[in-house]
Amino acid sequence: ASKAEGQNRLHVFEPGLLLVRRLRSQLLDDLRIAVKGEGLVLHYQPVIELDTGRIEGVEALVRWQHPTRGLIMPDEFIPLAEDAGLISELGLWVLTTAVHQLRRWIDDALVDSTFSVRINISATDLQSLQFIEDVRGVLKETGVRPEQVVLELTEVAIVRGNELDRYSLGGLRGLGVGIEIDDFGTGYSSISYLRRLPVDRVKVDRSLIEGLGTDPSQPALVAAVLQLVRACGLEAVWEGVETAEQAEHLRNLGCLSAQGYYFSKPVPPEQVPGLLAKASAESNSS
Ligand code: C2E
Ligand code: MG
Ligand code: MG
Ligand code: MG
């Protein structure tokens, strides 16, 4: 009986696996087309100056507008793009699109020269000397000030990195763009390299502020992280702020910048002018 069952199970299973494989290969074909720029979109999430409520910049977050499956989030297709060798192409599209978008906002006088756009870059981008040339190229093409472009790299990408990466980081820094460590506090013990690396800021992972407002020991932890970051000569941005209490705690602890659903979800570019107008009206009236 157990043998029959086994055979049965095999029978049930195989079409499933095949289906998964076929779906994946179909999805890959679609992704190959999408990274040409056809199916990708960038949404933008504001970074808020806690003191004033001013929007100091936005983070560009890629989404895939799939013809039949709807909007697919990056955690689902970035790994696929990595595996399929499409990540460089995707990275170049994101870089070009985000910086050109910033150029349009500047031209429309919606933002000033302190406003920055943050762009997530993959470990693959960091390892590629071509990427440095691409950044140089898009800055030249658009005439955007390099300080208005901030590249976000995860700790993992940096710490795993070799000498070449460090060289690339220096090369990017040499262009004058900002460098920020993303998801800070989730990777390796990060204290020793924080001082050595040519970075400007860290973006603290949202897991570090989750307990703010509920866990009484959390404010002390946040204060300690802030102190550590500043002792390394850096500044911190706090990500994943979802409640008024969290924002209030961060402000009281002396944190400068934050980002999260409490302020705004990532929005399509056409909604950014509205967010800017609203924030500016609110910060002037307070
Ligand atoms: P990330 O760079 O750490 O981005 C923050 C993620 O948290 C975003 O998810 C954002 O929508 C989400 N988020 C923002 N505020 C809140 C909040 O208050 N609560 C919660 N729970 N989540 C919040 P998203 O857009 O799905 O992106 C996920 C990750 O995908 C990003 O993490 C980044 O690592 C990667 N990614 C996104 N866009 C790109 C890109 O253009 N290139 C590359 N290489 N990676 C990207
Ligand atoms: Mg990021
Ligand atoms: Mg992050
Ligand atoms: Mg992340």
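Reader: How far apart are the magnesium ion (ligand 3) and the magnesium ion (ligand 2), and which residue coordinates both?

Author: Donors are N, O and S atoms within 2.8 Å of the metal (3.2 Å for Na, K and Ca), and water is not among the atoms, so sites may look incomplete. Here the two magnesium ions are 4.2 Å apart, with D182 coordinating both. Keep in mind that this is a predicted model, where local features need pLDDT of at least 70, side-chain atom pairs count only at pLDDT 80 or more, and totals for chains, interfaces and linings use all residues. Side-chain values use heavy atoms, with hydrogens and water left out, residues are numbered from 1 along each chain as its sequence is written, and chains are lettered from A and ligands numbered from 1 in the order in which they are written.

Reader: Which residues coordinate the magnesium ion (ligand 3)?

Author: Its donors are D182 (OD), D183 (OD) and E239 (OE), at 1.9 to 2.3 Å. Along the chain, they follow the spacing D-D-x55-E.

Reader: And which ones coordinate the magnesium ion (ligand 2)?

Author: E59 (OE), N120 (OD1), E152 (OE) and D182 (OD) do, at 2.0 to 2.2 Å. The sequence spacing of these donors is E-x60-N-x31-E-x29-D. Distant parts of the chain are linked here: E152 belongs to strand β5 (residues 149–154) and D182 to strand β6 (residues 178–184), 30 residues apart. Helices (H or I, at least four residues) and strands (E, at least two) are DSSP runs, numbered from the N terminus.

Reader: Are E152 and D182 buried or exposed?

Author: Buried means under 20% relative accessible area, exposed over 50%, and partly exposed in between (1.4 Å probe, protein chains only). E152 counts as buried because its relative accessibility is 1%. D182 is buried too, with a relative accessible area of 6%.

Reader: What should I look for in backbone angles?

Author: Most residues other than glycine have a negative phi. In this model D183 has a positive phi of about 55°, although it is not a glycine. D183 is found in strand β6, and it is partly exposed because its relative accessible area is 25%. A109 also has a positive phi of about 55° without being a glycine. A109 sits in the loop between α3 (87–107) and β4 (116–120), and at a relative accessible area of 66% it is exposed.

Reader: Where are the polar atoms placed?

Author: A polar contact is a pair of N or O atoms within 3.5 Å; within protein, one must be able to donate a hydrogen and the other to accept it, and residues adjacent in sequence count only if both atoms are side-chain atoms. An N or O atom in the side chain of D182 is 2.8 Å from an oxygen atom of ligand 1. Polar side-chain atoms also lie by nitrogen atoms of ligand 1, at 3.0 Å for Q45 and 3.4 Å for R206. The protein covers 86% of the 800 Å² of accessible area that ligand 1 has on its own; such areas come from the Shrake-Rupley method with a 1.4 Å probe, and for residues only the protein chains shown count as cover.
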